[in-house]
Each structure stands twice: as C-alpha cells, then as structure tokens.
Amino acid sequence: MMEKEALTDLIMEHLEAIGIPCELEDIAGKEAIVAEYTGENGELPEDCSITVENLTEDSTEINILVTVFSGLDEVSTVNVARVVGELNKFLQIGSFSVIDDGALFLNYCFVVDEEMGVNNMLAAFLASLDAVSAAAIDAKQQLQPLIKGETTVEQLLEEGLYVEQ
Amino acid sequence: MDKTGAKEYLAEIANLIEDGIHEAAIDSTEDGAVLLMTAASPFAEEGELAYSVSFEEFKADMYIFQIMIFTFTNIPEERFDELRVVINALNSRINLGNFVLFEESNAVFFNHSFLLDETANAAVAARILLRSIGLMENAVVNAGQWLLQLLAGECTVEEVMDALDREEE
C-alpha cells in the first residue's frame, strides 16, 4: 500500500524536480501541497493546493484545488455563478463552483491505483495538473470582462464560453 | 490501449466490472465506441440509472476516460434557474465528479473523467473505473437527493441551501 504521506512526498519531489516550487501547509486541518504552478504562458492561478487521501489498501484519491478568483463583490459573485454551469458543460476534467464569499474554484479529484505503478501515477497527476491549471487560467481571462463590468452575463453566454484544456 | 481497438477494450472492461450491472452493451457513436451500462437506481425501487463510459486520446501518451451517469431527465425548462443554483452549491461540496445541467436535453448528468497512460491495461482501467463509479454513486445518492426533492416540489431552493449550510456546520 502506498501511504498518503509517501505519495505526497513523491508528488512534491516530482514538482520540485520539474521546477515548480511547493511547500506543505496545514489547510483546515488537512496536510496540503501548495504549489506555485504557472500555465504555459507563465500566468499563475491565485492558489493551487493538492491533497492526497487513502481510500482503500490499494487506491488513493488526489485532489487538486485551484482558486480562480477570490474577493469578488456581491454583483460579480452572482454574475459568475450564473455562467459557471456553462463553463462546466464542456470541461473535460474538473468542476468550477462559486461560493458565497466571492470565490471561484476549480476542483478536480481522481483515483490512482497501486497497480498503475509510480511513474504512471505521477504522469496522470502532472497531466491533470496541466489541464486543470490551463482551464483555470483560460476561465480567468474569459471572465475578466464580466467582473470588470465590460460585458453582461447575457452577452457572454451568447458569445459562448468554452474553456481550453 | 488503442482507440482503434476501443470496442474490444471497453468489452474487456465490461466483463471485469459486471458485478451490480444489470445490462452492458457497446455502442458505436460518431465520437467512437461507448460502453453503456444500467444499474439499480438509488431513487426508485424499480428504477435504473444509465451509465456511459468512453475513452479518447487526450494528449500524447495519455487517454481520458469519461464516465457519465444519467441522473435526472425530462426536466421542465422553468426549473432550470433553480437547478443551476443548487447544482453550483452541490458541486462546491462534492469531491469527485460534478453535476451538469444540459438544457438542450432537459437532463442532469453526473460526470467524472480521469487520465490514464496509454500503457495501462484493461485490468488497471477497470479497477480505477470501479472505484471512481463507487465514489460517483455515493455523491449521486447523497447530493442527488436534494435535486430529487427540489424537482419533486418537496422543498425550495432556499430550504436546500439552508440544509447544505447546516450540514457543513
């Protein structure tokens, strides 16, 4: 069985080896990897945390949580909440959700199995992190005009929202 | 793993996960082969839930498996606004998978996808699928009850939101 602590260490080693700074933090009582991960164009999502939980003797879930926006005012929170379903419709991995205190998150959780082997686990993790971060950065760019009041929910929906992964 | 052999690969997976499945069939669509399965519904004694599993190339050396559970269908258009609010609240609380409202088909699906290296064999894919489907079913039962009650007119959006807030306390 791969203990969550061992997989957490492996992920951190892997991230650091490919030049992604990260550290272990206690977030709401859970040990989480906080990674300074940038997308291909060098943009940084506000925050990216990764947690690992053992499910059974041979399976583990890895959760990637990216903060796309935080501190949105009440109007922007309501507007972003109105388009979040459209963002999720064609998203291949992960799910956007808005919470009442004005934050837009992208969450992705997936299962890895010991039979995959360590290299395949890490490859799946890194490809997932890439796809989630790309979606977060793309969504952030597409939603900026709505948050700045330069467009309306109706205009945005009419133009179509499609997030690249 | 090879998309040209998708039918055979999905058939192998279907054989490996036959427990709890009422029916399984491989269908060909314009996007490729899809494994369609039915299992007992958690919402109605005689009812069934339909599942679809498909896979396609995601990027070099990596495939994406997509699982969809057809959760609620025939939803009247006038319920869409309420559903969007509750679905967002539920998705923010669900770990694995998410509900999506497809207005075009008047349906709510529960989705989850995962990536797997092309060297993974069907047995590994089936193990991850089974575990993922188990987690998805828990979410559909626990979170889906709120959508069921909302659609049945047994509670309002405000009541659902209050109940979800209380659950978190």
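Start by selecting the strands of chain A: six of them make an open sheet, ordered β1-β2-β3-β4-β6-β5, with antiparallel pairing. (Helices, H or I with at least four residues, and strands, E with at least two, are DSSP runs numbered from the N terminus; two strands pair if DSSP finds at least two bridges between them.) Colour β1 (22-27) and β5 (95-99) of chain A: each has a single partner strand, so these edge strands have one side without a neighbour in the sheet. From one strand to the next, the twist averages 30 degrees.

A word on the model: it is predicted, so local features need pLDDT of at least 70 and side-chain atom pairs count only at pLDDT 80 or more, while totals for chains, interfaces and linings use all residues. Residues are numbered from 1 along each chain as its sequence is written, with chains lettered from A and ligands numbered from 1 in the order in which they are written.

Next, zoom in on β3 (47-54) and β4 (59-69) of chain A, an antiparallel pair joined by eight bridges. Click A:S49, and you'll find its bridge partner in β4(A) is A:L65.

Helix α1 (4-17) of chain A lies across β1, β2 (30-35), β3 and β4 of that chain, at about 145 degrees to β3(A). Angles run from 0 to 180 degrees between N-to-C directions, and axes are lines fitted to C-alpha atoms, for helices over the stretch in contact. Helix α2 (74-89) of chain A packs on the sheet too, touching β5 and β6 (103-113) of chain A. Here "in contact" means that C-beta atoms, placed from the backbone, lie within 7 Å.

Hide everything except α2(A) and α2(B): they pack at an angle of about 85 degrees, their axes 10 Å apart. That makes α2(A) roughly perpendicular to α2(B) (the label covers 65 to 115 degrees; under 35 is roughly parallel, over 145 roughly antiparallel, the rest oblique). Show A:A81, A:V84 and A:G85 alongside B:R84, B:I87 and B:N88, which make the contact.

Last stop: B:M136. Leaving out residues up to four places away in sequence, B:M136 touches B:I67, B:I69, B:L96, B:G97, B:F110 and B:H112.

Methods:
Contact = placed C-beta atoms within 7 Å.
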